[in-house]
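This report describes selected residues and helix pairs of one protein model. Please keep the sequence and the structure in view while reading.

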Amino acid sequence: MKERVQKFGRFLSGMVMPNIGAFIAWGLIAALFIPDGWLGKWGPAATINTMVGPMLSYLLPILIGYTGGKAVGGQKGAVTGALATLGAIASTDSTMFIGAMICGPLGGWCIKKFDKAMEGHIPAGFEMVVNNFSVGIIGGILAVLSIFIIGPTCVKITDVLGAGVGLLVNNGLLPLTAILVEPAKVLFLNNAINHGVFTPIGTQEAMEMGKSILFMIESNPGPGLGLLLAYCVAGKGETRSSAGAAAVIQFVGGIHEIYFPYVLMNPIVILGPMVGNIVGIFTLSVLKGGLVAAASPGSIIAEMLMTPKGGYFANIAGIGIAAVVSFLISVFLLKFFGKDASLEEAQAQVAASKAASKGQAIPAASSGASVSAADVKKIVFACDAGMGSSAMGATMVRNKLKDAGITDIEVIHYPVGEIPGDCQIVVTHHELSGRAAQRAPQARIIPIKNFMGAPEYNTLVQELLDARKGGFTPAPAAVEEEKPVSGPILLEKKNIILNCKPVSPEEAIKAVGKRMVESGYVEEAYIQGMLDREESFSVAIGSHVAIPHGTEESRKAIKKTGLIVMTYPEGIQWGDETVRLVVGIASTGEDHLGILGKIVEVAETEEDTDALVDNASVDQLYKLLNGLE
């Protein structure tokens, strides 16, 4: 069950997350220039506000449909998915995000099935004609079907949710309205529920009693704030980095729509805002909270402006408790469902099933597309940032290939999100294998658990060597001689710290980061990037070595290239690994690769690292790793 939820959430995330910038742009424009916005009375605001509706009704759904179609059927699937989405949009005045999430993948799937059926049957010279007309015809048919089937179906679902909310209100089950309100909000029915259900009833109550709690059920910014703060703490990568700005827009600007994509990408987290709102409504009921009129937009400022005299404590408590409960539950759900190694392995297996085997596959234990060993010309090592572990793994295999006399294979390293399309083999951490398979479907994926001394390296080299027996192998003399490390000294003596006392991995990373900041290599933000990198998967790369470094997103916090070396003779328990040598990396380019290459040479095995830690002095490490001896 957990794997299915993760898979579904990851698929939705793949449609929503690439377009989160457009959601933020829409949220900012709406918060500033709608009639009730912060600059709504400014002269040109009315003209600028004309973008808000089309962006919500057309741009955002079509972007989602386009992205979903591309994920399933490539560029042709993207266009087909966008066409199908337009049909759903045209069927109703409601915002058709759910329709887009159905139409986009459906369009990609249809075009993919068509292409498979036509494979080998298109006459030479007619490929472009068939490709273009197939997209137009299939996309047009799906657009028409969406008008009459998908769009109306989505409208029926939203009508049922709205009727359910009204039923709960009329029967005095006020806190339970959140069970329907939060999912309905995520379907972009927030305005329909607030102004179509709660505002008419709440206005009548306010006329009789001076205030109404109904004005706060949908507009309470607490549940959304708690969810977004949870992403700031427990989110991964792009979701984590964007959640802070979204929280400000949602809480201060009152644009609740900004957090809806964060739910859509991982639907299980809807439980956080849902339970948070239930507790918030209950708190407001007990403390007699409420507003004198509808808060529009639902920002903390609008809530306070609509609060009657003497009602501030109750309303702030209702908002605050809702935020806290939503935050705690959302953090738990993100932590519990955030790690998805099983999904990534499954994605790699899917990639394997799509490729037909030819020749000798390498190696048997790997996953991904099947590739002939004799055809391999480029091997890519991929890690999250392409800065440290992948570079060291590439160096190790490059040296092993050289020793084996194999000189016609290029071995390079890249971030997993930038794997080139012409490689035949990708070696990556097993937790990144799914992303690698998506990025390079043509390549064979070799998942490993550490980049130092992985047994898969010897297997790979032996397979390549066996495939070349009896064939032509360039002479070893053709190999370019290694050049000594040159250029600026990147490892300073002051940044080689020996005999450190055992600490936790987090404390070791922070110690490295603090030294980097003090040396002028990075800004403070890079330390958090290093912690994020460790959270996604361990920087302990084997052979008693760890190489803390930041994520791809944290590179902007690097001022200049520099390294930190710290030894821990008593060892650090780093997950399942013991670490005695910690090498912190901050790099703006490739300057640090010489030092990493030296580390590979002197710390290839656990015994090598132990001897280095036990015997080397600061001067020896300085000369050895800077290539001075």
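## Basis of the report

Helices (H or I, at least four residues) and strands (E, at least two) are DSSP runs, numbered from the N terminus. The model is predicted, so local features need pLDDT of at least 70 and side-chain atom pairs count only at pLDDT 80 or more, while totals for chains, interfaces and linings use all residues. Residues are numbered from 1 along each chain as its sequence is written, and side-chain values use heavy atoms, with hydrogens and water left out.

## Gly107 in helix α5

Gly107 belongs to helix α5, which covers residues 97-118. Its relative accessible area is 0%, so Gly107 is buried (under 20% relative accessible area, with a 1.4 Å probe and protein chains only; exposed is over 50% and partly exposed is in between).

Apart from neighbours within four places in sequence, Gly107 is in contact (heavy atoms within 4.5 Å) with Gly77, Thr80, Gly81 and Leu142.

Two packed helices are described by the angle between their axes and the distance between the axes. Axes are lines fitted to C-alpha atoms, for helices over the stretch in contact, and angles run from 0 to 180 degrees between N-to-C directions.

Helix α4 (residues 52-90) packs against α5 at an angle of about 25 degrees, and the axes are 9 Å apart. This angle makes α4 roughly parallel to α5 (under 35 degrees; over 145 is roughly antiparallel, 65 to 115 roughly perpendicular and the rest oblique). The contact of α4 with α5 has 14 nonpolar, 11 polar and 3 charged residues. In these classes, Ala, Val, Leu, Ile, Met, Phe, Trp, Tyr, Cys and Pro count as nonpolar, Asp, Glu, Lys and Arg as charged, and the others, Gly among them, as polar.

## Thr283 in helix α11

Thr283 is found in helix α11 (residues 271-287). With a relative accessible area of 9%, Thr283 is buried. A polar atom of the Thr283 side chain lies 2.8 Å from the backbone oxygen of Val279. Leaving aside neighbours within four places in sequence, Thr283 is in contact with Ala317, Gly318 and Ile321.

## Helices α18 and α19

The axes of helix α18 (residues 505-518) and helix α19 (residues 525-536) come within 9 Å and cross at roughly 150 degrees. The two helices α18 and α19 are therefore roughly antiparallel. By class, their contact has 8 nonpolar, 1 polar and 4 charged residues.

Definitions and conventions: A polar contact is a pair of N or O atoms within 3.5 Å; within protein, one must be able to donate a hydrogen and the other to accept it, and residues adjacent in sequence count only if both atoms are side-chain atoms.
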